[in-house]
Amino acid sequence: MALLLRVVLLCAVADFARSLSITTPEQRIEKAKGETAYLPCKFTLSPEDQGPLDIEWLLSPPDNQQVDQVIILYSGDKIYDDYYQDLKGRVHFTSSDLKSGDASINVTNLQLSDIGTYQCKVKKAPGVANKKVLLTVLVKPSGTRCFVDGSEEIGNDFKLKCEPKEGSLPLRYEWQKLSDSQQMPTPWLAEMTSPVISVKNATSEYSGTYSCTVQNRVGSDQCLLRLDVVPPSNRAGTIAGAIIGTLLALVFICVILFCCHKKRREKKYEKEVHHDIREDVPPPKSRTSTARSYIGSNHSSLGSMSPSNMEGYAKTQYNQVPSEDLERAPQSPTLAPAKFKYAYMTDGITVV
């Protein structure tokens, strides 16, 4: 009975060995963004596998929230590679004769969205087999920048920093001195693999050229740094110059404000004077015209009198003329006739 059981098991194993199988083991593949990933899938057929050959590659996203996506298919001696929009034009079979037993594919210009589990399924009835390949896409370090954070003066504390613009974790750092003795200062040795080196009480011996190399599993990048530790600058002179410059600026501003204020007051005064002059008010009559009117009225009265009473009237009327008007009359050509008429009246001459 035991012998019979062993025979049955051996026959089953032999039949299984003769059926379709994928010889490529399951594996993990890591590639850098932008590179090409080769996903192997090699298989063997048995004489019993007589059905049509179908090959299918599927992608299972890492978040497990989406269904498996068919990315490329071989069926009926035709290739269909436009199933998955995100990989359209970037996935291809590596072999031109898939019946030879090679269903491997290439995924070109890798992106972070290509991360996931890829499954190769081969079917040739009655045989069926599948294998999985886990693809991880990493970003190589790039755009690394080295710089000094602080003042590079003797006795000061500052930091040397190494910062890549991009790069998948984990990242490894390595500092090196490229000039002079090419030996890192002893106080820095503990931080040679750190992105930041803290410098305490700097000395001129620290001056030189340094490099920082950043690495991860898919690539590396490097930057250079020139460190020049110099004596402290004359801070007192700098502060004094800043104070003097500030005072001069304040004086200049005060002068401008004073000039603007003065000009504004002048404009305001001119405007007030202009508003005080009223064009609709006639000018006051002069005292000359008043005296002239008074004398003219006397002339008209004298013309009607006889020579017998002229002398007494003239003296009486003359005494009635306001002395203030005559004294304050301006010496102008218009007053000359008034004086002439007065001389005639004193001599008793009749004025016409």
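Which residue in strand 9 is the bridge partner of His92? I looked it up, and it's Asn106.

Ground rules first. I'm working from a predicted model, where local features need pLDDT of at least 70, side-chain atom pairs count only at pLDDT 80 or more, and totals for chains, interfaces and linings use all residues. Residues are numbered from 1 along each chain as its sequence is written, and side-chain values use heavy atoms, with hydrogens and water left out.

Next, the sheet around that bridge. Strand 8 and strand 9 (residues 105-107) pair in the antiparallel sense over three bridges; pairing takes at least two DSSP bridges between two strands. They belong to an open sheet of three strands, antiparallel, in the order 3-9-8. I found strand 3 (37-39) and strand 8 (91-93) at the edges, each pairing on one side only.

Then I checked the whole chain. I got six helices and 17 strands, which are DSSP runs numbered from the N terminus (helices are H or I, at least four residues; strands are E, at least two). Of the 352 residues, 29% are buried, and buried means under 20% relative accessible area, exposed over 50%, partly exposed in between (1.4 Å probe, protein chains only).

Contacts came after that. Among those between residues at least 6 apart in sequence, 59% join residues at least 24 apart; a contact is heavy atoms within 4.5 Å.

Last stop: Phe252. I placed it in helix 2 (residues 235-276). Phe252 is exposed, with a relative accessible area of 55%.
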